[in-house]
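Colleague: Please take a close look at one part of this protein for me. I would like to know how it is paired and what surrounds it.

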Amino acid sequence: MFNFFKKNKENDTEETIIQNPETVETPETEQEPAESADIMPESAEAPAEANGGFFAKLKAGLGKTRDALNEKVDSVLKVFKKIDEDLYEELEEALIMADVGVETSTYIIDELRKKVKEKHLTESEEVKGEIAEIVAEILSENDNTLKLETTPAVIMVIGVNGVGKTTSIGKMAAKYISEGKKVLLGAADTFRAAAIDQLQIWADRVGADIVKHEEGSDPASVVFDTIAAAKSRKSDVMIIDTAGRLHNKKNLMDELAKISRIIERELPGCSRETLLVLDATTGQNAVNQAEVFSESASITGIILTKLDGSAKGGIVLAIAHEHSIPVKLVGVGEGMDDLQEFNALDFANAMIGE
Ligand SMILES: Nc1nc2c(ncn2[C@@H]2O[C@H](COP(=O)(O)OP(=O)(O)OP(=O)(O)O)[C@@H](O)[C@H]2O)c(=O)[nH]1
Ligand SMILES: [Mg+2]
């Protein structure tokens, strides 16, 4: 049995993570992490090949969000048949309730007013397609593609405790290896021995190389050695796991900055992604985390995890619109192929399309 997560609990008292207690919400799903860490994901054996498979999975994964957003909008449209102020108000309320955020909900309604005017729409049933289009536009505002152009390319994965960093790294590694790439993992979450073990298990599962040091060692030196190994082994992608918790926020941010400097110095000009992992079940708190991490790290993209257990996927719109950070990957389950590259149109359709 692995005990990574039990350790987590023991450490809870010394944790000062970036969460505003007032906005922290209880995740809607009970996680059983110790169990899930143990089991080889079933879906690893049957990767969804066709795009249709991915879309079906995305739609299923977004089921709760879809219920929250799509159903609410539908019920408003059923009651309000004419396009008038009352309809706009009810729609805005429905968006806010679905965790889209006040600013972004207001923006969507303003855009809707423009479209209604331009197209001379009068019946509320015509509105749904327009909302879906605005949602797709918001999600396409930023470039959602991962840039992994150099050899090695570097992906640094950051985020608060428990959001799904290590799991997402395992899933990414599996994907790149299946594409024939050579993947090297760097265990720079040295805060807990169990974190290093967890990454090692993923490395073994997917057939990636790993560089690791002792618990408590300097994460920047792990990164230094990972870079050296990536150069000598000619790795295509180097993925760095980082600690989600430290004694305080300043330590965490200083550590991330130090790792960044090492990468800049040792691999100048390399393709580099700094991906912030956010747990969709935490709703607006995820948006707060994006704000805090943006202050210290040059985030190039978001990995939004646990969408499958969340009705709060609407936050993806707030993140894309209010923070201009592209969502690059989404986690829709615990299986190895449950991390998908973000596709704005598919996502908009899965969230609010027919
Ligand atoms: N349902 C679901 N669970 C997920 C997803 N991504 C991660 N998880 C689960 O979330 C739990 C925590 O994941 P980790 O990868 O250990 O999180 P972490 O950010 O590395 O955590 P620390 O290292 O403690 O900071 C595990 O049980 C994962 O299986 C997802 O997309 N969907
Ligand atoms: Mg981890």
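Modeller: Strand 2 and strand 3 (residues 209–211) pair in parallel, through 3 bridges. Strands here are DSSP E runs of at least two residues, helices are H or I runs of at least four, and both are numbered from the N terminus. Pairing requires at least two DSSP bridges between two strands. This is a predicted model: local features need pLDDT of at least 70, side-chain atom pairs count only at pLDDT 80 or more, and totals for chains, interfaces and linings use all residues. Residues are numbered from 1 along each chain as its sequence is written, while chains are lettered from A and ligands numbered from 1 in the order written.

Strand 2 also runs parallel to strand 4 (residues 237–242), joined by 6 bridges. Gly 186 faces Val 211 in strand 3 and Ile 240 in strand 4.

Why is strand 2 largely enclosed by the rest of the structure? Because 6 of the 6 residues in strand 2 (residues 183–188) are buried. Buried means 20 or more other C-beta atoms within 10 Å of the residue's own, with C-beta atoms placed from the backbone. Val 183, Leu 185 and Ala 187 point one way; Leu 184, Gly 186 and Ala 188 point the other.

Ile 239 touches Val 183 and Leu 185, among others. Contact means C-beta atoms, placed from the backbone, within 7 Å.

Methods. Contact = placed C-beta atoms within 7 Å. Buried ≥ 20, exposed ≤ 12 C-beta atoms within 10 Å, placed from the backbone. Lists of a residue's contacts leave out its neighbours within four places in sequence.
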